[in-house]
Amino acid sequence: MNDESPRAHPFRIASHPAAVTGNSQPVREPDPHASPLERVERMVGSADLFLFIKGTPEEPLCGFSANVLRIIDSLGVPYKTFDVLSDESIRVAGKEYSAWPTFPQVYVRGEFIGGNDIVSELAAEGGLRQLVEGHEHG
Amino acid sequence: MSRVQNVQELLAARMPDAIVEVRDMTGTDDHLAVLVASDIFIGKPLLDQHRLVMSHLQQQLDTAEVHAVRLKTVTLDSYHERQLKEGPR
């Protein structure tokens, strides 16, 4: 498997604007008065494909996060991630926002689609690409 | 009682029509593979199917008694098809 696929452009946004990396459009500086839930809402809406993960795309700190990253990378579309281990308030708010108890969490155009199991199953059935590219299910 | 048994019994009690199979993935009794077959899933999107099962496990996940769950949900028909394909375990 080639993890250095030239089609994949993982971006990362971090809790501190200075730590934003990659060549995506810069993430708007978070309002310091925004609540964690508001920050979550802005983050998941900041890219068509957004992932809350444990660790970073370069260094995932959980096997499930690594698996989801591998699947998402294989789609070859840009995405952004946030490391929930870097900010406990976002970790808590992320669970509340999606009403989903675990990470990783994958969002497509601001809508929560699932964690590792669902993304794996969608990918295996070919539905993930359709979902990400915005086609209706057949 | 092991967590495997605990989760097994909890889900079986909450979802009376379901076939529930729980497996310890790591030998540490906190990474569980859960298969739930039930006709309650018919016509429901995958996310809703998983939400339903996860809602029953909320407490175990909140307290981190169970660190991770790999979940597979199927209808009873596809469960029996799988059994035919894979043979008895």
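Q: Is the crossing in which α4(A) passes α2(B) left-handed or right-handed?
A: This is a predicted model, in which local features need pLDDT of at least 70, side-chain atom pairs count only at pLDDT 80 or more, and totals for chains, interfaces and linings use all residues. Residues are numbered from 1 along each chain as its sequence is written, while chains are lettered from A and ligands numbered from 1 in the order in which they are written. A crossing is left-handed if the near helix is turned anticlockwise from the far one by less than a right angle, and right-handed if clockwise. By that rule, the way α4(A) passes α2(B) is right-handed.

Q: What is the relative direction of α4(A) and α2(B), roughly parallel or roughly antiparallel?
A: Axes are lines fitted to C-alpha atoms, for helices over the stretch in contact, and angles run from 0 to 180 degrees between N-to-C directions. Here α4(A) and α2(B), residues 46–62, pack at an angle of about 150°, with axes 10 Å apart. Angles under 35 degrees count as roughly parallel, over 145 as roughly antiparallel, 65 to 115 as roughly perpendicular and the rest as oblique. The angle therefore makes α4(A), relative to α2(B), roughly antiparallel.

Q: Which residues of α2(B) make the contact with α4(A)?
A: Two residues are in contact if their C-beta atoms, placed from the backbone, lie within 7 Å. The α4(A) side consists of Asp117(A), Ile118(A) and Glu121(A). From α2(B) come Leu46(B), Leu47(B) and His50(B).

Q: Which element supplies the largest share of the side of chain B that touches chain A?
A: Between the chains, 11 residues of chain B are in contact with 8 residues of chain A. On the chain B side, α2 and β3 (68–74) each supply at least two residues. The largest share, 7 residues, comes from α2(B).

Q: How many charged residues are in the contact of α2(A) with α4(A)?
A: The axes of these helices come within 10 Å and cross at roughly 30°, which makes α2(A) roughly parallel to α4(A). The contact joins Phe64(A), Asn67(A), Val68(A) and Ile71(A) to Asn116(A), Val119(A), Ser120(A) and Ala123(A). Ala, Val, Leu, Ile, Met, Phe, Trp, Tyr, Cys and Pro count as nonpolar, Asp, Glu, Lys and Arg as charged, and the others, Gly among them, as polar. The contact has 5 nonpolar and 3 polar residues, and of charged ones, no residues.

Q: What is the omega of the peptide bond from Phe103(A) to Pro104(A)?
A: Pro104(A) is in the loop between α3 and β4 of chain A, helices (H or I, at least four residues) and strands (E, at least two) being DSSP runs numbered from the N terminus. The bond is cis, with omega near 5°.

Q: Is Ala99(A) buried or exposed?
A: Ala99(A) lies in the loop between α3 and β4 of chain A and has a positive phi of about 55° although it is not a glycine. A residue is buried if 20 or more other C-beta atoms, placed from the backbone, lie within 10 Å of its own, exposed if 12 or fewer, and partly exposed in between. Because Ala99(A) has 11 C-beta neighbours inside 10 Å, it counts as exposed.
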